[in-house]
Amino acid sequence: MVTTEGFASSVRVVDHPLVQHKLTLMRRADTSTASFRQLLREVAHLLAYETTRDLELELVDIQTPLSPMRAPVLAGKKLVFASILRAGEGLLEGMLDLVPSARVAHVGLYRDPTTLAAVEYYFKAPEDIAERRVIVLDPMLATAHSAIAAVDRLKEAGATDVSFVCVLAAPEGIDNLTGHHPDVAITTAAIDDGLDAHGFIVPGLGDAGDRMFGTK
Ligand code: PRP
């Protein structure tokens, strides 16, 4: 994992070879819907591994088949995964594979194709979100309008400890999210060149939601 020059120290790029290889397969236009979905789930496992590496541990007494010992288990704040619909669902599946006891928030947002503004159509979060660590999930951080709207909404609901995990980020999106929410650390598999005239990340991988669900 590297912290990227030119960006805030709270931006981490997961440069693990498995992540980079799987991301290249996801980018390819000829990758099928089924493969794309499976690859996103696998990348989510690896991003979950990185983004949870600072979770607190405590020692408890257990008995192995051979002897008693004090062994580490997770302690501290419990997790909420906040999925930005639709494409966040692809990351959510993989994250839950690794942390099955996490609670889940859903933030339904779509980008207005003309203004690129994020429009909310659904929101549901755990009642005790203020006591939990919230990890917002969306494969794509383009203009960051969706990420900012989601974090705004989660903070309104009481969240105070929020981070953001994506697969691909545009430099513009990183600057925008960091500008609005400097407390939100960003983890991504790659930072691409920028945005095209339609607000798509280039070279990118296309529209993650459409590629996951085969809607285009
Ligand atoms: C895409 C993508 C992100 C958002 C990123 O979603 O999945 O949620 O755009 O763009 P932004 O950073 O410029 O806001 P879209 O609105 O296409 O909805 P979908 O996931 O339902 O396809």
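# A tour from the open sheet to the ligand site

Begin by selecting β9, β11 and β13, three strands that form an open sheet in the order β9-β11-β13 with parallel pairing. At its edges are β9 and β13 (190-191), each of which pairs on one side only. Strands here are DSSP runs of E with at least two residues, helices are runs of H or I with at least four residues, and both are numbered from the N terminus. Two strands pair if DSSP finds at least two bridges between them. This is a predicted model, in which local features need pLDDT of at least 70 and side-chain atom pairs count only at pLDDT 80 or more, while totals for chains, interfaces and linings use all residues. Residues are numbered from 1 along each chain as its sequence is written, and side-chain values use heavy atoms, with hydrogens and water left out.

**Parallel pairings**

Stay with β11 (residues 168-169), which is joined to β13 by two bridges in the parallel sense. Select Ala-169 to find Ile-191 of β13 opposite.

Next, select β12 (residues 185-188), which pairs in the parallel sense with β2 (residues 11-13) over three bridges. In this pairing Thr-187 of β12 has Arg-12 opposite. Strand β10 (residues 161-165) also runs parallel to β12, and three bridges join them. Here Phe-164 faces Ile-186 of β12 across the pairing.

**The hairpin**

Move to β6 and β7, a hairpin with six residues between the strands. Six bridges join β6 to β7 (residues 118-124), and the two run antiparallel. Leu-109 stands opposite Glu-120 in β7. Then select Leu-116, in the loop between β6 and β7. Leu-116 is not a glycine, yet its phi is positive, at about 65 degrees.

**Two cis peptide bonds**

Select Leu-85 and Arg-86: the peptide bond from the former to the latter is cis, with omega near -5 degrees. Arg-86 belongs to the loop between β5 (79-85) and α3 (88-98). Now go to Val-202 and Pro-203, which are also joined by a cis peptide bond, with omega about 0 degrees. Pro-203 is found in the loop between β15 (201-202) and α6 (208-213).

**The ligand site**

Finally, select the ligand and the 15 residues around it, of which Arg-111, Asp-138, Thr-143, Ala-144 and Ser-146 come nearest. A residue is near a molecule if one of its heavy atoms lies within 4 Å of it. At least two residues of this shell come from each of β6 (103-111), β9 (140-141) and α4 (145-156). By class, the shell has seven nonpolar, four polar and four charged residues. Ala, Val, Leu, Ile, Met, Phe, Trp, Tyr, Cys and Pro count as nonpolar, Asp, Glu, Lys and Arg as charged, and the others, Gly among them, as polar.

A polar side-chain atom of Asp-138 lies 2.5 Å from a ligand oxygen atom. A polar backbone atom of Ala-142 is 2.9 Å from an oxygen atom of the ligand. In the side chain of Asp-207, an N or O atom is 3.2 Å from an oxygen atom of the ligand. Taken alone the ligand exposes 500 Å², of which the protein buries 91% (Shrake-Rupley method, 1.4 Å probe).

Definitions and conventions. Polar contact = N/O pair within 3.5 Å; in protein donor to acceptor, adjacent residues only side chain to side chain.
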